[in-house]
Amino acid sequence: SFCGVAIGQRPRCTMSPKRQSTADEMGSTETKRHRVVDTSEVAATMTTDEWRTLQVGMKELWPQPDYMRVPHPGNKGHTSYRDETFELVTRWMDETRISYRPHAKAPGSKSHVRYEEYSRATTVGEALVLGSWPADWCWDFERGYIKAEGPFRDEPLDPSLVPEGYELTDVDNAVMQWYRRELAKKYGLELKELTEGKGNESIIMRVHRLVATREARRILAECNNENRRVSDADFELVLSHWGFARNVTRQNVMQKDVKWVWSDTLGLLRDRTGDIHLTEATHGYPQVVEVLSRWLTDRLPPEARDFSWTSFNLNKNYAAKIHRDGNNFGPSMIAAFGDFTGGALKYFTFDDGKVDLDELEAKKDQAHELDLKNGLALFNGNTAHSVNDFQGTRFSVVFFTLGCHAKMKQADREKLQSMGVKPPKADEDPFKIISAPLGERASRRYSNVPTPLRTQLPPFRFWDKESLVAAPRQTQSGEAAHATSPATSPTVVKAVPPKFFKTPVPRMPASQVIEVL
């Protein structure tokens, strides 16, 4: 799905003065009408055989976009345009340069006559004057009939964020009026929903988040009525609809030459001014937060039932480079979803915080490899970790606690609890389930927190997703729910930390619960 603005920034739009030359260049409306008639007469003389001759080699010279090779994700018809098409066409401007495939449409139809007329345009502004509209641009672009060269806006022009004094062009107005109606129709939303309650997010991001919320509301109702868990499929469905932001701030996870990643934070956050608050999206889409929370609390095993968190990090389609999280309090839960291969979590339990990350990366064969697609892991984000390369669509969610959580407002704590989040107490021991990270840095961070028997705890835990679902369900109080049939408790396997291995550590199996001592 297409996602909108960079976190912490308002959309940057290339604001050029309103183009006045197009109508003058193309002539008056009356002149244009006569020209269309003249062109229609010429186009009507083209025979089908002549047209077929002109098509030889054209598909190779004018290919469809690569994403059109994949079946429509919603199994919808050919007039339900792809999000990738919306993402491009909604950023076109009056002066965006375009070129049309010659004689792309077969003679004998009105579409042929229209196409022969407007395909003479060399800019989007000219195409509009010659009688084509945004729906035509989408149709033609998805079939390889248009090549667009730019310039493009950085983000779609949002009417609520247009700078004062900027005069909208005819192309601006045509695009904005069209794609709001088109998006509302495509996703079954009321037009007013697209703007009511909208925060600092693009219209198209707003649409996807509203759909994610609609699905989350349905899932929660079903779970309540049927007394069932939030399933992995439920979780993945909500994430697949969510409108992710282009996050430019997570420099520590970005691979070389990457400028942004699809990543959002829900729950508690400290902004650049130092203010601690719930994110705007947390207030705007509480049902999504509740689905995420219930997925975790529905399957927490007894040994992790006291796990607490304040925030969620939602990620899509990027493999994080080796890094250490700098502002976490205690361990994090992490799991991955989607149709992908690869993408395991590399976890460097022997990291003491003193070794350069590049040196650690050279020892990646000694790191544990956790299959997050098939499992749930509890690990220390402050310890070095990375994500293996993958193919396909991969979502991941990290449940973590903000380092300054003790300073959160009581109203925010209560809001989180109402959405199923379990924030820790201000003086809570963060390492009751796994041990603290190695090194002096970790010792200083948690010097004021009591940690009895800390050294006897494993450095991480890993549970197979299927085993968690097979186990008795945990209630809100943490007690095991009544099982209708004998459930097989997850098997616990002990393993040796990787620093004792002289040969590469084998990949963690996804069929058992792993407890490392």
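**View 1. Ser308, a buried serine in a loop.** At 13% relative accessibility, Ser308 counts as buried, since buried means under 20% relative accessible area, exposed over 50% and partly exposed in between (1.4 Å probe, protein chains only). Ser308 sits in the loop that links helix H13 (286-297) to strand S6 (311-316). Helices (H or I, at least four residues) and strands (E, at least two) are DSSP runs, numbered from the N terminus. The Ser308 side chain makes a polar contact with the side chain of Glu428 at 3.2 Å; a polar contact is a pair of N or O atoms within 3.5 Å, where within protein one must be able to donate a hydrogen and the other to accept it, and residues adjacent in sequence count only if both atoms are side-chain atoms. Set aside the neighbours within four places in sequence, and Ser308 is in contact (heavy atoms within 4.5 Å) with Thr401, Lys422, Pro423, Pro424 and Glu428.

A quick note on what you're looking at: this is a predicted model, where local features need pLDDT of at least 70, side-chain atom pairs count only at pLDDT 80 or more, and totals for chains, interfaces and linings use all residues. Residues are numbered from 1 along each chain as its sequence is written, and side-chain values use heavy atoms, with hydrogens and water left out.

**View 2. H11 against H13.** Two packed helices are described by the angle between their axes and the distance between the axes. Here helix H11 (residues 232-241) and H13 pack at about 150°, with axes 10 Å apart. Axes are lines fitted to C-alpha atoms, for helices over the stretch in contact, and angles run from 0 to 180 degrees between N-to-C directions. H11 and H13 are therefore roughly antiparallel (angles under 35 degrees count as roughly parallel, over 145 as roughly antiparallel, 65 to 115 as roughly perpendicular and the rest as oblique). On the H11 side the contact uses Asp232, Phe235, Val238 and Leu239, and on the H13 side Val288, Val291, Leu292 and Trp295. Sorted by class, that gives seven nonpolar, no polar and one charged residues; Ala, Val, Leu, Ile, Met, Phe, Trp, Tyr, Cys and Pro count as nonpolar, Asp, Glu, Lys and Arg as charged, and the others, Gly among them, as polar.

**View 3. H10 against H13.** Helix H10 (residues 203-226) and H13 pack at about 50°, their axes 8 Å apart. That makes H10 oblique to H13. H10 brings Ala212, Thr213, Ala216, Arg217, Ile219, Leu220, Cys223 and Asn224 to the contact, while H13 brings Gln287, Val288, Glu290, Val291 and Arg294. The class tally for H10 with H13 is seven nonpolar, three polar and three charged residues.

View 4. Most residues other than glycine have a negative phi, and most peptide bonds are trans. His103, not a glycine, has a positive phi of about 50°. His103 is in the loop between strand S1 (92-100) and helix H6 (110-118), and is partly exposed at 25% relative accessible area. Asn317 isn't a glycine either, yet has a positive phi of about 55°; look for Asn317 in the loop between S6 and strand S7 (332-337), partly exposed at 34%. The peptide bond from Gly150 to Pro151 is cis, with omega near 5°, and Pro151 belongs to strand S2 (residues 146-152).

**View 5. The whole chain.** Zooming out, the chain has 17 helices and 17 strands. Buried residues make up 51% of its 517 residues.
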